[in-house]
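The following exercises are meant to be worked through with the sequence and the model side by side. Try each task before reading its solution.

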Amino acid sequence: MVELEAPQIDAVFHALGDATRRHMLRDLTGGERTVSQLAEPFAMSLAAASKHIKALENAGLIRREVRGRTHLCRLEPGPLASAHQWLGFYERFWTNRLDVLERLLREEDARKARHDSRKSPASREGDDQ
């Protein structure tokens with residue numbers, strides 16, 4: 001299992017826990033964006049957008065570069081890949097658990113089908129009454 005430092009994984013999931021920040025990350029998959037471009041789809045000030053961007057920066061999910069008066073943001077996929085690997089451990093855990101449950105249910109269904117097929121037709125008719 002991939003082990004991330006607790007503060008790092010906490011910051012990543014905190015950043016991903018907000019729909020605005022997830023939308024900003026999705027926008028950044030298309031390439032660099034300015035703070036204004038990231039804020040544009042939302043009814044928020046540049047100061048509010050900067051707070052969201054700061055949360056993404058703190059998680060290591062984006063890098064901000066200042067060129068003159070323009071702040072350009074770029075996606076940093078490393079922490080997302082690490083979070084995905086962390087979640088993958090639990091996905092495998094639950095997949096394995098559900099596979100065992102499915103096998104047990106199929107075995108139970110097969111036992112019931114064998115039991116029902118052993119009943120004679122006369123006894124089956126009596127069961128309906």
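Predicted model: local features only at pLDDT ≥ 70, side-chain atom pairs only at ≥ 80, totals over all residues.

**Exercise 1. Describe how α1 packs against helix α5, and say which residues make the contact.**

Step 1. Two packed helices are described by the angle between their axes and by the distance between those axes. For α1 and helix α5, which spans residues 78-118, the angle is about 100 degrees and the axes are 10 Å apart.

Step 2. Because angles of 65 to 115 degrees count as roughly perpendicular, α1 is roughly perpendicular to α5.

Step 3. On the side of α1 the contact is made by Gln8, Ile9, Val12, Phe13 and Leu16, and on the side of α5 by Pro79, Leu80, Ala83, Trp86 and Leu87. Sorted by class, this contact has 9 nonpolar residues, 1 polar residue and no charged residues.

**Exercise 2. Work out the arrangement of α2 and α4 and the make-up of their contact.**

Step 1. The axes of these two helices, α2 and α4, cross at roughly 75 degrees and come within 10 Å, which makes α2 roughly perpendicular to α4.

Step 2. From α2 the contact involves Thr20, Arg21, Met24 and Leu25, and from α4 it involves Ala49, His52, Ile53, Ala55 and Leu56. By class, the contact of α2 with α4 has 6 nonpolar, 2 polar and 1 charged residues.

**Exercise 3. Find the residues with the most contacts inside the largest nonpolar core, and the elements that supply it.**

Step 1. The largest nonpolar core has 17 residues, and those with the most contacts inside it are Met24, Leu38, Ile53, Leu56, Leu61, Ile62 and Cys73. Two or more residues each come from α1 (6-16), α2 (19-28), α3 (35-39) and α4 (46-58).

Step 2. Take Leu61 as one of these residues. Beyond residues up to four places away in sequence, Leu61 touches Val12, Ala15, Leu16, Leu25, Leu56, Arg74, Leu75, Glu76, Pro79 and Leu80.

**Exercise 4. Summarise the protein chain as a whole: which elements does it have, and how many of its residues are buried?**

Step 1. The protein chain has 6 helices and 3 strands, in the order α-α-β-α-α-β-β-α-α from the N terminus on.

Step 2. Of its 129 residues, 22% count as buried, and the accessible surface comes to about 9100 Å², of which 53% belongs to carbon and sulfur atoms.

Step 3. Among contacts with a separation of 6 or more, 52% are between residues 24 or more positions apart.

Conventions
Residues numbered from 1 in each chain as written. Heavy atoms only, no water. Core = buried A, V, L, I, M, F, W, Y, C linked by side-chain atoms within 4.5 Å. Buried < 20%, exposed > 50% of the residue type's maximum accessible area, 1.4 Å probe, protein only. Helix = DSSP H or I, 4+ residues; strand = E, 2+ residues; numbered from the N terminus. Contact = heavy atoms within 4.5 Å. Axes fitted to C-alpha atoms, helices over the stretch in contact; angles between N-to-C directions. Parallel < 35°, antiparallel > 145°, perpendicular 65-115°, else oblique. Nonpolar A, V, L, I, M, F, W, Y, C, P; charged D, E, K, R; others polar. Areas by Shrake-Rupley, 256 points an atom, 1.4 Å probe, with all protein chains shown as cover.
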